[in-house]
Amino acid sequence: MGIGSLKNLTWLDLIYNNLSGNLPSTLGGLKELQRLHIRDNNIGGNIPEELCQLDKLGELFLSNNKISGSISNCIGNLRLLQRLNLSYNKLTSSIPLNV
């Protein structure tokens, strides 16, 4: 069973777990997710576009990791997003203006 099968999950907090690897695209299947906190780990790779499918997401904390690449414009489609922290990563773009 993978993380994407936790369909009713509303809050995922994995802060300070020394996690590595990439953020799984299956996170986009967590349609009820309201808070995603994966800061202070060793996560690398890009922010998967599938996160933009999380219509109920109000908080996204991915700071203090090794995430690289650009921030997708689709982040601005997260209409309920109130708190966003992507600081201390290796991102190559600014937060889109529509956020």
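Is N8 buried or exposed? That's where I'd like to start today. N8 comes out as exposed, because its relative accessible area is 68%, and the cut-offs here are under 20% for buried, over 50% for exposed and partly exposed in between, with a 1.4 Å probe and protein chains only. N8 sits in the segment before β1.

Quick housekeeping. What you're looking at is a predicted model, where local features need pLDDT of at least 70, side-chain atom pairs count only at pLDDT 80 or more, and totals for chains, interfaces and linings use all residues. Residues are numbered from 1 along each chain as its sequence is written, and side-chain values use heavy atoms, with hydrogens and water left out.

OK, the overall picture. The chain has 0 helices and 8 strands, where helices are DSSP runs of H or I with at least four residues, strands are E runs of at least two, and numbering goes from the N terminus. The radius of gyration is 12 Å, close to the 13 Å from the globule rule for 99 residues, so the chain is as compact as a globular protein of that length. For the record, that radius is taken over C-alpha atoms, and the rule is 2.2 Å times the number of residues to the power 0.38. Along the principal axes, the C-alpha atoms fill a box of roughly 35 × 30 × 20 Å.

Of the 99 residues, 40% count as buried. If we take contacts with a separation of 6 or more, 44% of them come from residues 24 or more positions apart; contact here means heavy atoms within 4.5 Å.

Over residues 3-88 the model is 0% helix and 23% strand, with the end C-alpha atoms 25 Å apart.

Now some individual residues. I43 is in strand β4, residues 42-44, and it counts as buried because its relative accessibility is 5%. So what does I43 touch, leaving aside its neighbours within four places in sequence? Its contacts are L19, S20, G21, N22, L23, I38, N65, K66 and I67. L33 is another matter: it is 10 residues from I43 along the chain, and their C-alpha atoms are separated by 20 Å.

Then there's S63, in the loop between β5 (59-61) and β6 (68-69). S63 is buried, with a relative accessible area of 2%. Again setting aside neighbours within four places, S63 contacts R39, D40, N85, L86, S87, Y88 and N89.

D40 is in that list, and it deserves a look of its own. D40 has a phi near 60°, a positive value in a residue other than glycine. You'll find D40 in the loop between β3 (35-37) and β4, and at 18% relative accessible area it is buried.

Last one: Y16. Its phi is near 55°, also positive in a residue other than glycine. Y16 lies in the loop between β1 (11-13) and β2 (20-22), but this residue counts as exposed, at 59% relative accessibility.
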